[in-house]
Amino acid sequence: MPEGRVAEGRVLESEEPALPLGTAPLYASAPSPEDTANATTAAAVSGPRTFAVDCGGGGIKTALLDAAGTQIGPARRTPVRYPFSPAALENIIAADAAALRAEGADFERLTVGMPGMLRHGVVVYTPHYIRRAGPHTRLDPEMEAAWNGLDIRAALAARFSRPTLVLNDAEVAAAATVTGRGLEVVLTFGTGLGNAIVDNGVLAPHLEFSHAPLRWGLTYDDVIGEIERIRLGDAAWSRQVARAIESLYPVIRWDTLYLGGGNAARITESVRERLSGSVVFIPNAAGMSGGVRAWDLVAASERARAEQ
């Protein structure tokens with residue numbers, strides 16, 4: 001379900017919408033009680049539990065993952081109330097972490113995926129949270145100063161006293177998805193366009209395709225973001241998605257392309273057929289379940305660069 005401005009409150013998310021045929025399977029988002037019990041036992045034996053945070057333009061989702069990336073219990077979602085400060089994000093995570101502990105659970109490390117350009121845990125630029133009333137509204141100078149340049153990884157590590165990893169949200173989804181073979185690209189469709197590039201298991205420096213000009217002075221976000229999808233309807237929007245993807249291929253020439261995010265399920269069947277070749281649809285849950293493998297992806301990428 002696409003994200004947008006919604007009323008105050010907190011909901012538990014125990015189910016993902018049905019996925020189209022041909023979708024790549026990932027971790028289940030709503031394990032049975034038996035699966036949860038097995039996962040709890042496995043996590044205690046095989047490795048740390050990860051508290052995964054998926055930050056969107058309309059809501060912040062959190063979930064506890066075992067060492068295999070299987071979700072333990074339901075996810076929680078808190079609507080984003082604008083203007084949205086770094087302290088507000090910390091407080092949402094803290095509230096959900098407290099709820100976990102009240103249920104007798106805890107975590108050993110924290111993974112956060114958020115929109116925008118991040119380098120080594122530092123926010124270079126984030127597009128939504130610096131706005132006064134949500135995505136594509138006027139800039140809030142106070143929020144712009146608070147977010148851009150913030151070492152969010154260090155801030156969260158200090159707040160929660162846990163090892164912390166902060167990446168672009170599409171890169172977390174990529175961690176749940178890629179095989180490590182060839183040049184793999186992940187595009188996510190939600191409030192805007194997210195992307196990640198992984199070359200033979202090595203995460204490339206982040207690029208923001210969403211802010212690149214596409215046509216008539218409009219960016220990719222302008223043409224295929226959520227606001228345009230609502231304006232056009234799914235059919236016309238899907239055709240624009242296809243044209244956007246076709247415009248990117250000559251620049252990147254990927255071996256495999258993965259399409260995910262909350263709005264990927266809205267791409268029409270006719271456009272799916274048009275996107276021939278190595279295109280795989282992945283569930284929106286990848287943005288959460290990748291919270292475990294993201295640590296391995298970053299470690300492998302750092303080792304590969306050190307050996308160069």
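**Setting up.** I'm working with a predicted model, where local features need pLDDT of at least 70, side-chain atom pairs count only at pLDDT 80 or more, and totals for chains, interfaces and linings use all residues. Residues are numbered from 1 along each chain as its sequence is written, and side-chain values use heavy atoms, with hydrogens and water left out.

**Cores.** I looked up nonpolar cores (sets of buried Ala, Val, Leu, Ile, Met, Phe, Trp, Tyr and Cys residues joined through side-chain atoms within 4.5 Å). Buried means under 20% relative accessible area, exposed over 50%, and partly exposed in between, using a 1.4 Å probe and protein chains only. The largest core has 29 residues, and Ile-60, Phe-84 and Tyr-129 are among those with the most contacts inside it. Strand 2 (50–55), helix 2 (86–102) and helix 4 (152–160) are among the elements that each supply at least two of its residues. I noted that helix 2 gives the largest share, five residues. Helices (H or I, at least four residues) and strands (E, at least two) are DSSP runs, numbered from the N terminus.

I then checked Tyr-129 for contacts (heavy atoms within 4.5 Å). Leaving aside neighbours within four places in sequence, Tyr-129 touches residues including Cys-55, Val-80, Met-114 and Trp-147.

**Helix 10.** I found 22 residues here, 286–307, spanning 29 Å from first C-alpha to last, close to the expected 32 Å. That expected span is 1.5 Å times one less than the number of residues. Helix 10 bends by about 60 degrees at Val-292; the bend is the angle between axes fitted to the seven residues ending there and the seven starting there. Val-292 is also one of the buried residues of helix 10.

**Salt bridges.** I counted ten, each a side-chain nitrogen of Lys or Arg within 4 Å of a carboxyl oxygen of Asp or Glu.

- Asp-106 pairs with Arg-162 at 3.4 Å, N to O. Asp-106 sits in the loop between helix 2 and strand 5, and Arg-162 in the loop between helix 4 and strand 8, so the pair ties together parts 56 residues apart in sequence. Asp-106 is partly exposed at 28%, and Arg-162 is partly exposed at 21%.
- Arg-274 meets Glu-246, with the closest N and O atoms 3.0 Å apart. Arg-274 is in helix 9 and Glu-246 in helix 8, so this bridge links parts 28 residues apart in sequence.
- Glu-269 meets Arg-272 at 3.7 Å between the closest N and O atoms. Being three residues apart in helix 9, Glu-269 and Arg-272 are separated by about one helical turn. Arg-272 is buried at 12%.
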